Amino acid sequence: MIHGDLISFNTKEEISHVHSKDTAQTSNMSTNHSSDEDKIKQIVERRLVRAPLAVKEFLPPILSDPKFWLATVREKAYLLVAFLSEKDRKRIQDLTAQGYHPFPGLIASTPEIKAALRFENARNILIEDCEIGDIYTLSLGKDVTAILVNHTQSVKTKEFGKYEYKIPLAYLVAYGDEINRATWDYYLENLIAYSISVWRSGHAG
């Protein structure tokens, strides 16, 4: 079952947890979930929200929004952390309220499903300014970390017809032999650090 959360980030105030949807959690799993959310918020705050001005000028535009939203999606195989505008937030709330995946067509649920990109045992993949239509974007094997920037996804659905959306920024961590419940936060933080170094180097000189 997908577990999705929306967290409000106001760069001038404290972070507030404003939306949670989960219908099948035991108390122990809820405790783990709360701990995971705290880790994600701390990493994002430390690396991005409270980054020095010299760093912030190189970051994607969504992070310049004085109030952006953070969506986390956890499945058995992966963790997705996406940065959203107010418009994105409304779209995701509408989808998850009906029990649908917040990012339809983005990640194939099984290896048999055809996808534009397939990765396994790969780190620090940058997927930027892509437009993918009528096919899943990603098929994930074990131990993958990836960054999506300004990604446009369209998919044909029975429920909504052609459905299109954009992801301003997202970090993806797929579990495997190295990346697991004990290490995912280390890989997420290093992925964010890597993205910052790429953006800064792209503006060097």
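Which residues lie nearest the centre of the largest pocket? In this predicted model, they are His101, Ile107, Ala108, Ser109 and Tyr136, which belong to a lining of 29 residues. Because the model is predicted, local features need pLDDT of at least 70 and side-chain atom pairs count only at pLDDT 80 or more, while totals for chains, interfaces and linings use all residues. Residues are numbered from 1 along each chain as its sequence is written, and side-chain values use heavy atoms, with hydrogens and water left out.

The protein chain holds four helices and 10 strands, taken as DSSP runs numbered from the N terminus (helices H or I, at least four residues; strands E, at least two). Read from the N terminus, the order of elements is β-β-α-α-β-β-α-β-β-β-β-β-β-α. Of the 205 residues in the protein chain, 48% are buried, where buried means under 20% relative accessible area, exposed over 50%, and partly exposed in between (1.4 Å probe, protein chains only). Among contacts between residues at least 6 apart in sequence, 56% join residues at least 24 apart; a contact here means heavy atoms within 4.5 Å.

Back to the largest pocket, whose volume is about 500 Å³. A pocket is an open set of points on a 1 Å grid over the protein atoms alone, where a 1.4 Å probe fits, with protein on both sides within 12 Å along at least five of seven lines; lining residues have an atom within 4 Å of a point. Grid points are joined across faces, edges and corners, and the volume is the space filled by probe spheres set on the points. Strands β8 (136-140), β9 (144-157) and β10 (161-174) each supply at least two residues of this lining, and β8 gives the most, with three. By residue class, the lining divides into 17 nonpolar, seven polar and five charged residues. In this count, Ala, Val, Leu, Ile, Met, Phe, Trp, Tyr, Cys and Pro are nonpolar, Asp, Glu, Lys and Arg are charged, and the others, Gly among them, are polar. Ser109, one of the residues nearest the pocket centre, is in the loop between α3 and β5 and is exposed, with a relative accessible area of 60%. Its C-alpha is 9.4 Å from that of Leu138, a residue 29 places away in sequence.

The whole structure contains seven aromatic pairs, counted when ring centres of Phe, Tyr and Trp (its six-membered ring) lie within 6.5 Å; planes under 30 degrees apart are stacked, over 60 edge-to-face, and the rest tilted. Tyr100 and Phe160 are edge-to-face, because their ring centres are 5.3 Å apart and their planes stand at 75 degrees. This pair joins distant parts of the chain, 60 residues apart: Tyr100 is in the loop between α3 (86-97) and β5 (115-119), and Phe160 in the loop between β9 and β10. Phe160 also forms a tilted pair with Tyr163, at 5.6 Å centre to centre and 45 degrees between the planes. Tyr100 is partly exposed at 30% relative accessible area, as is Phe160 at 34%, whereas Tyr163 is buried at 13%. Together, Tyr100, Phe103, Phe160, Tyr163 and Tyr165 form one aromatic cluster. The charged end of Arg91 sits over the ring of Tyr165, 4.3 Å from its centre, and the charged end of Arg89 sits over the ring of Trp69 at 4.5 Å. The criterion is NZ of Lys or CZ of Arg within 6 Å of the ring centre and within 35 degrees of the ring normal.

Strand β10 also holds Leu172 and Ala174. Leu172 is buried at 1% relative accessibility, and Ala174 is likewise buried at 1%. Beyond neighbours within four places in sequence, the contacts of Leu172 include Tyr78, Ile107, Leu138 and Leu191, while those of Ala174 include Ala77, Tyr78, Gly141 and Ile179. The C-alpha atoms of Leu172 and Thr145, 27 residues apart in sequence, are separated by 5.5 Å.

Finally, the backbone deserves a brief look. Most residues other than glycine have a negative phi. Asp134, in the loop between β7 (131-133) and β8, has a positive phi near 60 degrees. Asn150, in strand β9, has a positive phi of about 50 degrees. Asp134 is partly exposed at 49% relative accessibility, and Asn150 is partly exposed at 30%.
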